[in-house]
Every structure is written in structure tokens, then in C-alpha cells.
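Subject: Structure for you to look at

Hello,

Here is the structure I said I would pass on. Please open it next to this email and follow along.

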Amino acid sequence: MITNTQDLKKILINKGIKPSYIRLKILEYLITKENHPTVDEIYQELKQIFPTLSKTTIYLNLNLFVKHNIVKSFNMDNNEQRFDFIKQEHINFFCEKCKKVYDIPVNEIKIEYQNNEHKIKETVLYLKGICKECFQFS
Ligand SMILES: [Zn+2]
């Protein structure tokens, strides 16, 4: 779990976003609470640290995160917009030799569905082979 400021900063810098204090706080809120908050819920919490904070500031920053795929936004039944941190997805790689399991970040693997007949919402797969350690010594 990402909780330290360095990791939070890295998430933003990797996306070319300046890691301002307020942005880090919003991100930290989303990651630690995992409660799919509304703008108002974030506002209620963060205004205790930033009395001058406006809901618009939170909203604009959340939209910036959404634009950069750091956060996803969705609507529940009551139509209130909610936000959620997008966890870095991993695909498991199993080594047949040492039986170790490695996590391969999804963004290092390119999977493209050429035929657009179906609407793909999720990809579930795993990789199997010989890991770099075993490969080196075989
Ligand atoms: Zn291995």
C-alpha cells in the first residue's frame, strides 16, 4: 500500500503533474480511505487542514487525476459523482522452474484485442515461463 509522501509524489511526477501539497493530500485521502468519496466528503476532511480550501479546487484536481488515469470517477445510484484511486494492476508471472510468482505491471504488457465485436471490460490472464534468475543459470 502506498502511504508515504515519496510514493505519492512519484505517482504524480510520473504523470507530469506537479506534486503540490493539496494534490498529495487528496491522493493520500483516496488511497488510504478507499471509500470512493464524493467531492464533499474529501472537502469535509481536508478543510480541517486547509481552512481556505474550496470544493472547486478539489474538483479540479480530481478531474486532473481522472484525465491522467490516476483516479477514476463514477456515479452510483444517487448520481453523485464518486472518485476512486486506480490501483496499479499486475499480472502474475509463474516461473515453472523455481515456482516463484512475479508481479508484472500491466502497462509493461501490450494486449490488444483486434476484433472489436465484443466490449472488453476486464482482462484476466497470467504468464508462465522461466524467470530471469533460472534462465541465467540453466
Ligand atoms: Zn525461476
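In this predicted model, the buried residues of helix H4 are Ile58, Asn61, Leu62 and Phe65. They lie on the same side of H4, because they cover an arc of only 105° around the axis. The face turned away from that buried side carries the exposed residues Thr56, Leu60 and Lys67.

H4 has 13 residues, 55-67, so at 1.5 Å a residue it should span 18 Å; the end C-alpha atoms are 18 Å apart, which agrees. After H4 comes Asn69, which has a positive phi, near 60°.

What does the buried side of H4 pack against? Its buried residues pack against helices H2 (21-33) and H3 (39-46), and against strands S1 (71-75) and S2 (81-85).

Nonpolar side chains tend to be buried together in soluble globular proteins. Here the largest nonpolar core has 12 residues, among them Ile58, Leu62 and Phe65 from the list above, and also Leu30, Val71 and Phe83. H2, H3, H4 and S2 each supply at least two residues of this core.

Leaving out residues up to four places away in sequence, Phe83 touches Leu30, His36, Pro37, Leu62, Val71 and Ser73.

Last, look at Glu34, in the loop between H2 and H3. Glu34 is exposed, because it has 12 other C-beta atoms within 10 Å, and 12 or fewer counts as exposed. Glu34 and Phe83 are 49 residues apart in sequence, but their C-alpha atoms are 9.5 Å apart in space.

Regards

Definitions and conventions: Residues are numbered from 1 along each chain as its sequence is written. This is a predicted model: local features need pLDDT of at least 70, side-chain atom pairs count only at pLDDT 80 or more; totals for chains, interfaces and linings use all residues. Helices (H or I, at least four residues) and strands (E, at least two) are DSSP runs, numbered from the N terminus. The expected span of a helix is 1.5 Å times one less than its number of residues. A residue is buried if 20 or more other C-beta atoms lie within 10 Å of its own, exposed if 12 or fewer, and partly exposed in between; C-beta atoms are placed from the backbone. The arc is that of the directions from the helix axis to the C-beta atoms. Two residues are in contact if their C-beta atoms, placed from the backbone, lie within 7 Å. A nonpolar core is a set of buried Ala, Val, Leu, Ile, Met, Phe, Trp, Tyr and Cys residues joined through C-beta atoms within 7 Å.
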